[in-house]
Amino acid sequence: MQQRLDRNQRRCVEQVARQKETTCDTCGSTDLSSGPMALGTLGTLNVEVLLSCNNESAHPEGAAQTLELSGNEARRCGIDIS
Ligand SMILES: [Zn+2]
């Protein structure tokens, strides 16, 4: 129930994150990068991707944020986990 994301898919996920106005929990930045994997949620069409925040000065150890995509959003990015 997971899919490796290529460069274009990751860029698409980052666009979805911006559209949803996703911000880093730790510093509030919207400069988030998609992680390399998408995880399907058992029993739903939703897909989760871990985002990492690029604002390293706020938290040098890094900060991660989960983005939940609907089935439609995931398919728009070419992610098909079923
Ligand atoms: Zn941050």
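**Exercise 1.** State which residues arginine 10 touches, not counting residues up to four places away in sequence.

*Solution.* With residues up to four places away in sequence left out, arginine 10 touches Leu5 and Ser34. The model is predicted: local features need pLDDT of at least 70, side-chain atom pairs count only at pLDDT 80 or more, and totals for chains, interfaces and linings use all residues. Numbering starts from 1 along each chain as its sequence is written.

**Exercise 2.** Determine whether arginine 10 is buried, partly exposed or exposed, and locate its element.

*Solution.* A residue is buried if 20 or more other C-beta atoms lie within 10 Å of its own, exposed if 12 or fewer, and partly exposed in between, with C-beta atoms placed from the backbone. Arginine 10 has 18 C-beta neighbours inside 10 Å and therefore counts as partly exposed. Its element is helix α1, residues 7-19; helices (H or I, at least four residues) and strands (E, at least two) are DSSP runs, numbered from the N terminus.

**Exercise 3.** Describe the secondary structure of the protein and its share of buried residues.

*Solution.* The protein has two helices and four strands. From the N terminus, the order is β-α-β-β-β-α. Of its 82 residues, 22% count as buried.

Methods:
Two residues are in contact if their C-beta atoms, placed from the backbone, lie within 7 Å.
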